[in-house]
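Look at the fold below. The report that follows takes its helices one at a time and then turns to the core.

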Amino acid sequence: QIQAAMPSQTSPPLHLCSLELACLAALGRTETLVKTLATVAAAAPVVPLAVARLHFGSDAEAWRALLDALNASSGPAGDSADPPVATRYVLEHMARILPPATFMQLLPSDGDLRVYFPLLAASITGERSRKVLASMPL
């Protein structure tokens with residue numbers, strides 16, 4: 001119903017998107033929420049991560065869906081190995097919150113190692129730090 005009320009254009013105004021995002025998240029409509037976040041990403045790259053952090057937690061499948069949608073909406077990478085800003089924000093966050101093995105499984109199989117290797121290293125370092133902190137007596 002929300003999408004039907006929106007003007008038909010490829011990128012709806014951000015004020016309507018924020019209302020739609022709030023409603024979709026409240027309704028638990030992850031698939032539609034992910035598609036809307038991918039649409040908003042070009043105009044407001046920080047929005048997908050901000051909304052996803054609130055609603056996805058450490059749900060690896062939801063993060064995978066968002067990453068897939070962002071990759072699909074950004075089109076071919078062209079000459080640049082760097083992912084779009086919104087995708088980069090999401091990848092950096094995923095590297096911080098997910099275990100390295102899970103994070104690695106969510107990465108695109110055809111991705112550029114120059115982009116993903118530093119993120120994998122950060123994920124492994126973060127996991128080691130969490131283990132050391134957990135083993136310390138309080």
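## Thr 87 in helix α6

Thr 87 lies in helix α6. Helices here are DSSP runs of H or I with at least four residues, strands are runs of E with at least two, and both are numbered from the N terminus. Thr 87 counts as buried because its relative accessibility is 2%. Buried means under 20% relative accessible area, exposed means over 50%, and partly exposed is in between (1.4 Å probe, protein chains only). Leaving aside neighbours within four places in sequence, Thr 87 is in contact with Leu 67, Leu 70 and Asn 71. Contact means heavy atoms within 4.5 Å.

This is a predicted model, in which local features need pLDDT of at least 70, side-chain atom pairs count only at pLDDT 80 or more, and totals for chains, interfaces and linings use all residues. Residues are numbered from 1 along each chain as its sequence is written, and side-chain values use heavy atoms, with hydrogens and water left out.

## The chain as a whole

The chain has 8 helices and 0 strands. Its pattern along the sequence is α-α-α-α-α-α-α-α. Of its 138 residues, 34% count as buried. Take the contacts with a separation of 6 or more: residues 24 or more positions apart account for 55% of them.

## Two partners of α6

How do α6 and α8 cross? The axes of α6 (residues 85–97) and α8 (residues 113–135) come within 8 Å and cross at roughly 30 degrees. Therefore α6 is roughly parallel to α8. Axes are lines fitted to C-alpha atoms, for helices over the stretch in contact, and angles run from 0 to 180 degrees between N-to-C directions. Angles under 35 degrees count as roughly parallel, over 145 as roughly antiparallel, 65 to 115 as roughly perpendicular and the rest as oblique. From α6, the contact uses Arg 88, Leu 91, Glu 92, Ala 95 and Arg 96. From α8 come Val 115, Tyr 116, Leu 119, Ser 123 and Arg 130. By class, these residues are 5 nonpolar, 1 polar and 4 charged. Nonpolar covers Ala, Val, Leu, Ile, Met, Phe, Trp, Tyr, Cys and Pro; charged covers Asp, Glu, Lys and Arg; the others, Gly among them, are polar.

α4 also packs with α6, at an angle of about 35 degrees and with the axes 8 Å apart. Here Pro 48, Leu 49 and Arg 53 of α4 meet Ala 86, Tyr 89, Val 90 and His 93 of α6. This contact has 5 nonpolar, 1 polar and 1 charged residues.

## Helix α8

In α8, the buried residues are Val 115, Tyr 116, Leu 119, Leu 120, Ser 123 and Gly 126. Their cover includes α6 and α7 (100–106).

## The core

The largest nonpolar core has 29 residues. Such a core is a set of buried Ala, Val, Leu, Ile, Met, Phe, Trp, Tyr and Cys residues joined through side-chain atoms within 4.5 Å. Those with the most contacts inside it are Phe 56, Trp 63, Leu 66, Met 94 and Phe 103. The elements giving two or more residues are α3 (30–40), α4 (47–56), α5 (60–74), α6, α7 and α8. The largest share, 7 residues, comes from α5.
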